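Q: I would like to learn how to read strand pairing and helix packing from a model. Could we work through them together?

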Amino acid sequence: MSLDEEVPFQNDGELHQKLIAEVLAAYPDKSRKRRQKHLSVAKALDTPEAKEEGLLTECDVKSNIKSIPGVMTVRGCAYAGSKGVVWGPVKDMVHISHGPVGCGQYSWSQRRNYYIGKTGVDTFVTMQFTTDFQEKDIVFGGDKKLEKTIDEIGELFPLAKGISIQSECPIGLIGDDIEAVSRKKHKETGTTIVPVRCEGFRGVSQSLGHHIANDAIRDWVFDKKDVEHEAGPYDVNVIGDYNIGGDAWSSRILLEEIGLKVVGNWSGDATLAEIEKAPKAKLNLIHCYRSMNYICRHMEEKYGMPWLEYNFFGPTQIAEGLRKIAAHFDATIQENAEKVIAKYQVLVDAIIAKYKPRLKGKTVMLYVGGLRPRHVVNAYNDLGMEIAGTGYEFAHGDDYQRTGHYVKDGTLIYDDATSFELEKFIEGIRPDLVGSGVKEKYPVQKMGIPFRQMHSWDYSGPYHGYDGFAIFARDMDLAINNPVWGLFKAPWKKAA
């Protein structure tokens, strides 16, 4: 059979149902009843309504509810969703971890949110600021300590454009009034100070932290200043792109090539000014729907600004995304989009010619947060690879509904998978590659299976855009076809 022959891939739905049954059999009755709602197999949809919406399958699982106590979960907390995702990458603001040092230390410079600027002078993303609570602060409150911290930041970093206060768990428990401190210090200094009630115990995962952070932008940033910005007909905001490994820059190149003006890219490489002038743009382009759809909906309701979810992973989705975006503008932008797609087709053809013969037919299992369990599916498909299973750490029902646009019948679907479940699924399917987070990386590699860290690209990237697709293809090939796997022996196969 020639490599050019397209043989439709078909997931083994029966095997996947059997794996689910085996996993559930290990749980006590109560846990089994709860977890079975989170595990399923994608079912093909062949109705006129589904075809009209572009739905391939139904991915119906329970989501966004509390994890089972005592069972390992890889979820983060509300603080992680606010500080680590939405606010942390805003580069010219200082982000205070208000509480004990641990949360700030653990979240310090973990994500590769690239930015342009002089660290410690006008940009502060990779620096850690904490109020460093001690026992006396828990007893007597930390409002005064927070005020002193804000004063010190003003003296040490005069070019900081604003401050966010990221609340850790003790703040909500002892009742510190961070809103009053913010108003007082703003009145004294004129600096934008944003209190964020993102105590880690709120909600069931980091997802609520995203929502709280979005609400803080709405309540403490928008409409607080007279923003000087001459709005143009092609102004857009790129929202929910955190510039992991330079992703936002790769996307911005394409948007500007088709003639659009990116007013602000946030949070990755973002400035406070870009967020302040966001309501003056013509269209919001949202990449990470889960983390930033809330602020897009607010801008649609208050300012009448439409929003569009886009996907720049892999050439198929890039071309579709550029055309969808261009359709919101005039014929000039639409013609430019076609020219840009045609311009990069030579690069795309070269990448696929090089890597598809090496990767075709290889299977992938994904377990990631945010949007990637669905957005990267077609990038793998562009290389001839197939998704055997996918799932989210902290998705909502609408995320799984959107996943049905990408995955095929029989795909294994898992929500908030436990370490036990994920290990058993990987053992049963034996995929050629697993894409997940750093917590899963080393156990999977010890199972003799290639792995790519799909939260922060394993210190590589970018993966967005045409340039990113070249890096993505190279990295998948390096992982799967690394000769080290041929040297790998299971313990039971070693000589006595």
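Q: Which residue does Asn284 stand opposite in β11?

A: Bear in mind that this is a predicted model. Asn284 stands opposite Trp307 in β11, and the strand pair around them, β10 (residues 283-286) with β11, runs in the parallel sense over three bridges.

Q: In what order do the strands of the open sheet lie, and which of them stand at the edges?

A: The open sheet has four strands in the order β9-β8-β10-β11, with parallel pairing. Because β9 (261-267) and β11 (307-309) each have a single partner strand, they stand at the edges, and one side of each is left without a neighbour in the sheet. From one strand to the next, the twist averages 20°.

Q: How should I read the packing of α4 and α10, and at what angle do their axes cross?

A: Two packed helices are described by the angle between their axes together with the distance between those axes. Here the axes of α4 (residues 78-87) and α10 (residues 206-220) come within 6 Å and cross at roughly 55°, which means that α4 is oblique to α10. The crossing in which α4 passes α10 is right-handed.

Q: Which residues make that contact, and how do they divide into nonpolar, polar and charged?

A: On the α4 side the contact is made by Ala78, Ala80, Gly81, Ser82, Val85, Val86 and Trp87, while α10 contributes Gln206, Gly209, His210, Ala213, Asn214, Ala216 and Ile217. The residues of this contact of α4 with α10 divide into eight nonpolar, six polar and no charged.

Methods. Residues numbered from 1 in each chain as written. Predicted model: local features only at pLDDT ≥ 70, side-chain atom pairs only at ≥ 80, totals over all residues. Heavy atoms only, no water. Axes fitted to C-alpha atoms, helices over the stretch in contact; angles between N-to-C directions. Helix = DSSP H or I, 4+ residues; strand = E, 2+ residues; numbered from the N terminus. Parallel < 35°, antiparallel > 145°, perpendicular 65-115°, else oblique. Left-handed = near helix turned anticlockwise from the far one by under 90°. Contact = heavy atoms within 4.5 Å. Nonpolar A, V, L, I, M, F, W, Y, C, P; charged D, E, K, R; others polar. Pairing = 2+ DSSP bridges.
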